[in-house]
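Subject: Structure for your review

Dear colleague,

Please find below the sequence and structure that I am handing over to you. I would be grateful if you could read the notes after it alongside the coordinates.

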Amino acid sequence: MNEKDRENLYKLFRDQADVLGSSRLTVVALQSFVASVKALRCSREEIMPLFKELADAIKNSQPHIVPLIHLIEEFEDEIEPFTEEGLEAIRAGAIRILETKIAKIEESKRRVVQQGLRQVESGDLILVHAVSTVVLKILVRAHEELGRRFEVIVLEQDFNKTRQLLQALDRVSIPHEVIPEYTLSHAIRRATKLFLGATAVTPDGHVVTPAGTANIVSLCHVEQIPVYLFVSTLKFSHKPSEAQQIHRKEEHRSREGLCYDLTTYSHCLVPIALIDHVITEDGEAKHSLPF
């Protein structure tokens with residue numbers, strides 16, 4: 001895989017994470033890996049190096065997709081005993097292992113959602129910022145299955161992200177309003193909770209979240225609005241925040257005779273100290289965080 005192919009892969013990851021969230025992206029990536037293994041035409045000598053090449057590319061994604069990296073590392077360990085097998089045995093083993101990884105993250109997500117349902121109460125006005133399949137499932141199931149009566153404030157940002165949120169809320173008729181994220185100060189005192197997902201939790205005490213989240217969390221902290229982070233332990237990274245390879249983009253802009261360079265970052269780093277409740281598949285994580 002050449003450098004251009006890697007950059008295209010990482011851009012695809014970022015674009016898909018914006019629309020799907022990192023957990024769903026992990027599932028889609030693993031499903032694509034399975035489909036690729038089934039379609040692969042190569043010799044027995046080529047297949048293991050090809051697996052390694054793809055695994056190395058995934059482990060160096062910008063930013064790191066931590067649950068996907070953990071599961072790919074497990075795949076590498078579990079496929080190793082097949083090294084001396086024939087091509088079809090390696091292929092069958094790879095597919096079987098990858099399917100168990102898909103089941104693992106799906107089960108982890110299901111359990112986080114189950115724990116998250118306990119955090120929704122009738123009368124809540126919940127702030128939601130970015131696409132998180134776990135957060136959306138919590139809201140939908142709390143509304144449909146538990147009959148909780150609550151409202152949502154959607155903080156408008158990138159259109160594709162906001163559209164995903166609104167479509168999900170509209171489908172099940174959850175009452176909601178939309179405000180620009182930069183006007184949150186006018187509505188925040190009506191809110192009762194902020195619900196977040198994340199890409200990673202780092203051992204040096206940071207949460208990797210979609211761009212713009214840090215400002216919202218900071219304002220909630222100042223106004224004493226409880227912040228809830230719903231995150232699978234598969235997202236607990238072994239690497240510190242500075243090693244998460246958050247994508248930096250520099251863009252030259254020209255408008256009305258003014259030229260300047262704009263620097264943006266794909267994700268925020270939020271101090272875990274600003275998060276009031278970290279909810280994992282095992283419940284509230286008070287003593288099991290990776291730091």
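The findings are set out below, from the whole chain down to a single residue.

Please note at the outset that this is a predicted model.

Overall form. The protein chain contains 8 helices and 12 strands. Its C-alpha trace spans about 65 × 55 × 40 Å along the principal axes. The radius of gyration is 20 Å, which agrees with the value near 19 Å that a compact globule of 291 residues would have. Of the 291 residues, 49% are buried. Among contacts with a separation of 6 or more, 76% link residues 24 or more positions apart. The accessible surface amounts to about 14,300 Å², and carbon and sulfur atoms contribute 50% of that area.

The open sheet. An open sheet of 7 strands runs in the order β3-β2-β1-β4-β7-β11-β12, with mixed pairing.

Helix α5 (residues 87-116) touches β7 (227-230), β11 and β12, and its direction makes about 135° with that of β11. Helix α7 (residues 159-171) touches β1 (125-128), β2 (151-156) and β3, and its direction makes about 160° with that of β2.

Strand β5 (residues 200-201) pairs with β6 in the antiparallel sense, over 2 bridges. The two form a hairpin with 4 residues between them, and Gly205 in the turn has a positive phi of about 85°. Within this pairing, Val207 in β6 is the bridge partner of Val201. Strand β6 (residues 206-210) is also joined to strand β10 (residues 267-271) by 5 bridges, and β6 and β10 run antiparallel. In that pairing, His206 stands opposite Pro271 of β10. Strand β6 is mostly covered, with 4 of its 5 residues buried.

A helix pair. The axes of helix α2 (residues 22-39) and helix α4 (residues 66-79) come within 9 Å and cross at roughly 35°. From α2, the contact involves Ser22, Thr26, Ala29, Leu30 and Phe33, and from α4 it involves Pro67, Leu68, Leu71, Ile72 and Phe75. The residues of this contact comprise 8 nonpolar, 2 polar and no charged.

Is Thr280 buried or exposed? Its relative accessible area is 2%, and since buried means under 20%, Thr280 counts as buried. Thr280 belongs to strand β11. Leaving aside its neighbours within four places in sequence, Thr280 is in contact with Val112, Gln115, Val231, Thr233, Phe236 and Ala285. The C-alpha atoms of Thr280 and Ala211 are separated by 22 Å, and these two residues lie 69 residues apart along the chain.

Yours sincerely

Conventions: Residues numbered from 1 in each chain as written. Predicted model: local features only at pLDDT ≥ 70, side-chain atom pairs only at ≥ 80, totals over all residues. Heavy atoms only, no water. Pairing = 2+ DSSP bridges. Contact = heavy atoms within 4.5 Å. Axes fitted to C-alpha atoms, helices over the stretch in contact; angles between N-to-C directions. Nonpolar A, V, L, I, M, F, W, Y, C, P; charged D, E, K, R; others polar. Rg over C-alpha atoms; globule rule 2.2 N^0.38 Å. Buried < 20%, exposed > 50% of the residue type's maximum accessible area, 1.4 Å probe, protein only. Areas by Shrake-Rupley, 256 points an atom, 1.4 Å probe, with all protein chains shown as cover.
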